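Work through the exercises below with the sequence and the structure open. Try each task before reading its solution.

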Amino acid sequence: KKGGGGEVLLRNLIIELMNIDDVSLYVYFPFLNELTDEIKNSYPKINFIKYNSSPSSYNYIYELKKIFEKENFNKIINYNMVVPYETTILQSHSYIQKVNKTFILFRPIKKFILRHRLTIQKNAISRAEKDADYIAVSEVIKKDYCKNFNIPSEKIKVIHPGVFINKKNEIKKNEVITFAIVANSSINKGGHYLLTALGILNILGRNFKLQIIAPKCKKDILMQIIITVFNLRKKINAMPYQNDMTNFYNKADVLVLPSLNEAFGLVVLEAMERTKPCIVSSTAGCSEIIDANNGFIFNRNSFFDFVKKLDNAILLYKKDFDNFKKISDYARKTAENFSWHKFAKKVIE
C-alpha cells in the first residue's frame, strides 16, 4: 500500500505466492518496517526470518548462502541484487544507467552521489552465480542490464507487473478533461515537463484541469514559476501524498506518465484498471503494453510530440467522446490481462 512501485511489487508477490497451492514461503528480511509488519500480521503462514546486514560488509550475504544451502530450498528469489543468488528480480534501472541518462555536464556529480551504490551493484553482479537468472519488469530494464553488465539476453525473462482487478468504473463525461499525474517534484517524474506543456496549451486556448500529487509543490520554486508564468493556478489541484488513491483516480479522465526514466510505472496499470487511458513516455516500461487502441505514447525526445498528444486527448474528449470511451474500454481490457496472481504464477513458472 505504501512505498514506491518496487515495494508494492514485493509485497504483492509475497502475498500472491501464498495463494498458490503447495507453496511454502520463507521471507528473509534485514529490518522491521511497515511493509513487513503488515504482511506478518495478516499472513501468519509466512515464515519471517530477520537477518543482520551492514552496508559496509558483505558477510551477511555469505551467511545467508550457508542458511540457504542447509535449508535446501527448491528456489531462492532475491530482490534487486540484495543476494545475487539463483533468481533476481530487477525492478529498477541500474545505477550505471541512471548516471548515463543524466545531462552530460552533471554526470560527474551524479556519479559521486551514487558512488557507493554503483560499487555495491557492480560487486553484486560479479558475485552472481554462473547459473543465476533474472526477472525484469520490462524490456526497458532488460536492455539496461544486458547492456551495462553484459548479462546474456536469454538469462533475463520479462514479466510485467500486475494490478488488482475490481469492478469496472463507469465512464462519464465531465465539463472539461482532467489530466492526472503522480509527481514528487523530481525532474525525472516529469511534473515540470507536463506543466510547461499544459501551459503552452493554455495559451492556445485549450480548456482542461490537472490534479497533481506533488507533496513539495509549494516549495518547488521552478514549479511555482511555471504555474505563475502560464497562469495555471486556477486549473491545478495540487495534492499531498495519498494513502488512498481511489479519489485521485476517480476524478481523472487521463493519467499522464512523462517520466524520463521509469522501470515500469504501476500507476498506469492502476489507472487503466479504472478505465482511464494514459499518455506515457516512450522511455517508460509500461509503454510496452500501450498501443493506439488503449492509450497514447509520446516520444520523450520530442517536446512537440508530447504537447501534440496532450492536445489530441483534449480534442478527442471534447469532440469525439464515443471514440474516447472506446480507448478507455480497451485500457480496462488490457489491465485485465495483468493481475498480481498471474504475475506470481509466471514467476513460479
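The model is predicted: local features need pLDDT of at least 70, side-chain atom pairs count only at pLDDT 80 or more, and totals for chains, interfaces and linings use all residues. Residues are numbered from 1 along each chain as its sequence is written, and side-chain values use heavy atoms, with hydrogens and water left out.

**Exercise 1.** Determine which residues cover the two faces of strand β4 (residues 87–90), and which strands pair with β4.

Solution. 
Step 1. Helices (H or I, at least four residues) and strands (E, at least two) are DSSP runs, numbered from the N terminus.
Step 2. In a regular strand the side chains alternate between the two faces of the sheet.
Step 3. T87 and I89 lie on one side of β4, T88 and L90 on the other, and all are buried (under 20% relative accessible area; exposed is over 50%, partly exposed in between; 1.4 Å probe, protein chains only).
Step 4. Two strands pair if DSSP finds at least two bridges between them. Strand β3 (residues 77–79) runs parallel to β4 and is joined to it by 3 bridges; strand β5 (residues 133–136) is also parallel to β4, with 4 bridges.
Step 5. I89 stands opposite Y79, and its bridge partner in β5 is I135.

**Exercise 2.** How do helix α1 (residues 5–17) and helix α14 (residues 340–348) cross?

Solution. 
Step 1. Their axes come within 9 Å and cross at roughly 75 degrees (lines fitted to C-alpha atoms, for helices over the stretch in contact; angles run from 0 to 180 degrees between N-to-C directions).
Step 2. The two helices α1 and α14 are therefore roughly perpendicular (65 to 115 degrees).
Step 3. Residues in contact (heavy atoms within 4.5 Å) include L13 of α1 and F343 of α14.

Methods: Parallel < 35°, antiparallel > 145°, perpendicular 65-115°, else oblique.
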